[in-house]
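Me: I have a structure to go through before the group meeting. Can you walk me through the packing?

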Amino acid sequence: MAEDNNFQLINRINSPADLRKLKVDQLPEVCRELRRFIVRGLSTNPGHLASSLGAIEISVACHYVFNTPEDRLVWDVGHQAYSHKILTGRRDKFSENRKLGGLRPFPSPLESEYDTFTCGHASNSISAALGMAVASKLQHKHRHVVAVIGDGAMSGGLAYEGLNNVSSQPNDLLIILNDNDMSIDRAVGGMERYLLNLDTNETYNRLRFKASEWLHAKGMLSDERRKGIIRLNNALKSAISHQQNIFEGMNIRYFGPFDGNNIIELVRILRQIKDMKGPKLLHLHTVKGKGYKPAEQSATIWHAPGKFDPETGKRIIDCNDNGPQKYQDVFGETLLELARKNQKIVGVTPAMPTGSSMCIMMKAMPERTFDVGIAEGHAVTFSAGMAKDGLMPFCAIYSSFAQRAYDNIIHDAAILNLPMVLCLDRAGLVGEDGATHHGVFDMAALRPIPNLTIASPMDERELRRLMFTAQLPGKGTFVIRYPRGRGLLTDWRCPLEEVPVGTGRKLSFLSMPASSGSVQPSFHRVAVITIGPIGNDVETVMDELGKTAAETSEGTADDTTPQARCLPFGEIQHYDIRFLKPLDENILHEVGKTFDTVITVEDGVRNGGMGSAVLEWMNDHGYNPTVVRLGLPDEFVEQGTVAQLRKFCGIDTESIKDTIVRALAGDLPQSFNR
């Protein structure tokens, strides 16, 4: 990015070492420049705005006080960390953040030595940082380790597993709790209320901190004295306030709450506590969206607002109000429609009522909808508990986040085949959020689990029908996966009708004529099997091939083009399998008996997915077609637009069309064969 007079300080910062050369009284201006820089950058290249604005002072203070990267700074969650990226040598590349081949959307050790751990999801920082602290101690490396956990991540169970181990394992870990009373929607739950209630003891905490400073300066805080003082301190505080601080109750020294957006004070505090022995927790209050008024006033909307005018704060909505709705909105509207007819239906979501559009039912039926915070495992088991005692939960979780609830799905739902619906939003490639957020493992992960019904709708009407089917009696544990973004239909409000479980659909059929020439080409029959919305791309390909076939039949095709000269000869049948589990065996028997080549297309990982299920079924039933599986390769796919990533993975329309044409021509590479 070109030099700008508005960024005189941060343009001189190419690493935290440059930041540490500045005077403390220059740091407020560094923070102001970072805010302007982030707002300007994200106005044209969208990303996570409000969270990063609120955490700027924490980032600046940590890099100023600690000797990063030798000292370890572990972020949790990663969408707080844009200022961290800018301060650690990535300022000039920030305009390429979240783009194909550009900066990754979240901190990653694969990108920078300053990024110490993967942090696309929430609540892992304390565990990872404790591991680093123990590793340093065992290897006699004298480094500080800091975990910055915030934006609702303290509601995740893994954070408490980490805290429990921190309290029992010798270490000098510093945990910074960035408490902004938010995750994406406003944070909920007892822990969030507890953190807010700690404010009532702020005067006490400040006095205790000053006493701690004095004792430390006098050399009176040896390990044994420190433990005794902590125990005495905890006992006195419990007696006076009639409550126990959960962190101090675990023998983790608690400091705060302090103003996390006061950079001068924050640097002073960090300098005072950085060398204290034993585990420590610094509780900071920050404002999500700090310094940009529209984001401060509406933090949920400005969590990831898309493009906007940085001067006026007007968001640039790139959509047609009369066009198709997002799949999540079709889900939300349909859920409310079903809930009005079925009194057993309840809604559950882990911190995503807006993102999943469960907020639609939440507004109309608040007593029957539950936001459980960033706690996906709990969301599934909580739903299972309600299902066990007579309710019909619809549990909506982003596909990539549902990975965190795998054991709960197996142990708490599937074993008892409980009547509940797991709704996997953002299934498939999601685009710019990259490897940590693509919902591409769900089919391969869930397919081996007994008692699950797994389905994926090709369009919005199919989504409605599957939701209706899933809540009918006797359906057991039902999984429906659907993608991020807008659908195809404007008239999606179809009648709610049952879809027989385990049935697919026969869609387009094409008979391709032989091309002109002296040699008659061989005749091939090709079946294309898809699951989910990617079937619409195959229908587009079938339409294109049909037009080419018609032009050839009428003699209007341009015989000089390579496509016309190599026009395949044969038949193509497209099937929407619709259910990954159970598979439609009638369709598969038909395919096995009729077609010499089967092409499977899915927006999930190729290994273990729908194509693997078809291949296994063919083998088990004695059929021997050539099976070509199109899906994601055996690697983590990074960020980019969905169109770019589909092309990279070979599941875009051109790749699908090329594979079909080559199959008809009998020209598939040997590596395609099973």
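Predicted model: local features only at pLDDT ≥ 70, side-chain atom pairs only at ≥ 80, totals over all residues.

Reply: Residues are numbered from 1 along each chain as its sequence is written, and side-chain values use heavy atoms, with hydrogens and water left out.

Me: How many residues are in the largest nonpolar core?

Reply: The largest nonpolar core has 52 residues. Such a core is a set of buried (under 20% relative accessible area, 1.4 Å probe, protein chains only) Ala, Val, Leu, Ile, Met, Phe, Trp, Tyr and Cys residues joined through side-chain atoms within 4.5 Å. Helix 2 (residues 27-44) gives the most to this core, eight residues; helices here are DSSP runs of H or I, at least four residues, numbered from the N terminus.

Me: What does Ile176 touch, leaving aside its neighbours within four places in sequence?

Reply: Its contacts (heavy atoms within 4.5 Å) include Ile58, Cys62, Val146, Leu270 and Leu282. A second, separate core has 47 residues, Ala387 and Met610 among them.

Me: New topic. Why is helix 5 largely enclosed?

Reply: Eight of the nine residues of helix 5 (residues 82-90) are buried, so the rest of the structure largely encloses it. Tyr82 and Arg90 are among the buried ones.

Me: Which residues make the contact of helix 4 with helix 5?

Reply: Helix 4 passes helix 5 in a right-handed crossing. Ile56, Ser59, Val60 and His63 of helix 4 meet Ser83, His84, Leu87 and Thr88 of helix 5.

Key:
Buried < 20%, exposed > 50% of the residue type's maximum accessible area, 1.4 Å probe, protein only. Helix = DSSP H or I, 4+ residues; strand = E, 2+ residues; numbered from the N terminus. Left-handed = near helix turned anticlockwise from the far one by under 90°.
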